[in-house]
Amino acid sequence: MFRSKAEQKVLEKGYDPARLPPGQYLTEKWPVLHAGSVPDVDLATWDLKVWGEVEEPLTLTWEQLRALPASEITLDIHCVTRWSRFDASFRGVRWRELASLVRPKPTARFVVAHAEQGFSSNFPLEFLEDEHALLAYEADGAPLTPDHGWPLRLVIPRKYFWKSAKWLRGIELLDHDQPGFWERYGYHNEADFWKEERYGF
Ligand SMILES: Nc1nc2c(c(=O)[nH]1)N[C@H]1C(S)=C(S)[C@@H](COP(=O)(O)O)O[C@H]1N2
Ligand SMILES: [Mo]
């Protein structure tokens, strides 16, 4: 059976090559990728807002967020620039902890994640409800570093990693889809890495 160089490397490292989506290669480092600069964040004034199609809009301080029950996930992450990292682990808060506070309306079907400096990303609400989705403040057993999104980043499964907004400050629920930052620049709206939905609609 023919295997690409990228698949051979995955095999050599002892992983199942079926974990590597088309057009990706495995990296053991964790590359840093974003538009703009790493924001200065002051936890004393930081907050997280949840609003839109919800019964009870919410603003959480850092202490309030950290007081919510924590969960851990492990998943493979895939950047549209073709690097993949296996078994990335994150610790943080599941959406359901916030959902029980804000109570999404039945009309809530889509999400816009809002980050510092105007970055945003969009996806259907079911991806936030996924058991592998997280609002994460730790990665690989340590607090997020500033360049990976400290103090809080999203982790959205089954989509290219650009949907996983770093420096998260808000979750907006909508009854319609609304393109985010990279989506407006021509990145694919769905971003399913198994279907290679990289650019274009
Ligand atoms: N706020 C913000 N989040 C962002 C981005 C960004 O430009 N700004 N880039 C995205 C992209 S394209 C990728 S691949 C991942 C990279 O996360 P990492 O730097 O932790 O690997 O962050 C995503 N989240
Ligand atoms: Mo990316």
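Mentor: About 370 Å³ of space lies in the largest pocket. This is a predicted model, where local features need pLDDT of at least 70 and side-chain atom pairs count only at pLDDT 80 or more, while totals for chains, interfaces and linings use all residues. Residues are numbered from 1 along each chain as its sequence is written, chains are lettered from A and ligands numbered from 1 in the order in which they are written, and side-chain values use heavy atoms, with hydrogens and water left out.

First, the terms. On a 1 Å grid over the protein atoms alone, a pocket is an open set of points with protein on both sides within 12 Å along at least five of seven lines, whereas a cavity is a set of points where a 1.4 Å probe fits but cannot get out. Lining residues have an atom within 4 Å of a point. Grid points are joined across faces, edges and corners, and a volume is the space filled by probe spheres set on the points.

The largest pocket has 24 lining residues, and L33, H34, F119, K166 and W182 lie nearest its centre. By class, this lining holds 15 nonpolar, six polar and three charged residues. Here Ala, Val, Leu, Ile, Met, Phe, Trp, Tyr, Cys and Pro count as nonpolar, Asp, Glu, Lys and Arg as charged, and the others, Gly among them, as polar.

The second largest pocket has a volume of about 160 Å³. Its lining is made up of R19, T74, L75, D76, H78, D130, H132, P157, R158, F193 and W194. Sorted by class, these residues are four nonpolar, three polar and four charged.

Around the largest cavity are L75, D76, I77, H78, I156, P157, R158, K159, F161 and F193. That lining has six nonpolar, one polar and three charged residues.
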